[in-house]
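Hi,

Here is the structure I promised to pass on. Have a look, and my notes follow below.

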Amino acid sequence: METYDQFGNILTYNHFNKKGENTVTYTYTYDSKQRPVFYKYRYGKKQSWSSVEYDASGLLKRSRGYNAKGDFIGREEFKREDGKMLAVTIWEKDSLSPYKRLDYEYYEDGSLQTIRYFFKSKLKYTWSYDCKPEGELLGVKQKDSTTICIKEEYDSKGNRVVWKQEFNRKGDLVKNKTSL
């Protein structure tokens, strides 16, 4: 059984078992622009909830809540004025420092240059989009196990081709070409 507001947004959803008992409940709340800002889920004795915030342009900025196990989950996004992602941070528990973070860099023309992935504040991987079409890493003078080079292009038939070059655990350079 569902209930809706005057704008057609779902407010509640209840599921009943064969005995007529309400076993699952979803509850939603919206802001004045009809965007979801709060969500609650109940299944038996388990509950989860999440609240979200939007930036001035209407894009998702922050979500925080607790999953059904009672674990805190938080996510925050920072974007440029043109909507391109600058950073994503994810928190676990009620920690002050992010659990995971992605940082994005762009060229002047707006194309993606680099993504850096941090796990518990330590750099784990760097995806570099600054490479030759055949997938060579540029500017890497030593074996860096955290650097991955990805280059996408289209062949003469219009098929997407992805070149990926990275160092494996032994430090050997591995190059792969995938046609999609």
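How many salt bridges does a search of the whole structure find? The search turns up 8, counting a side-chain nitrogen of Lys or Arg within 4 Å of a carboxyl oxygen of Asp or Glu. Before the details: this is a predicted model, where local features need pLDDT of at least 70, side-chain atom pairs count only at pLDDT 80 or more, and totals for chains, interfaces and linings use all residues. Residues are numbered from 1 along each chain as its sequence is written, and side-chain values use heavy atoms, with hydrogens and water left out.

One of the bridges pairs Glu-105 with Arg-116 at 2.5 Å, N to O. Glu-105 sits in strand E9 and Arg-116 in strand E10 (residues 112-119), so the pair ties together parts 11 residues apart in sequence. Strands here are DSSP runs of at least two residues, numbered from the N terminus.

Arg-62 belongs to strand E6 (residues 60-66) and is buried at 19% relative accessible area (buried means under 20%, exposed over 50%, partly exposed in between, with a 1.4 Å probe and protein chains only).

Another bridge joins Lys-79 and Glu-77, with 3.2 Å between the closest N and O atoms. Lys-79 is partly exposed at 24%, while Glu-77 is buried at 9%.

Lastly, the largest nonpolar core has 5 residues: Met-85, Val-88, Tyr-104, Tyr-106 and Ile-115. Such a core is a set of buried Ala, Val, Leu, Ile, Met, Phe, Trp, Tyr and Cys residues joined through side-chain atoms within 4.5 Å.

Cheers

Technical notes: Helix = DSSP H or I, 4+ residues; strand = E, 2+ residues; numbered from the N terminus.
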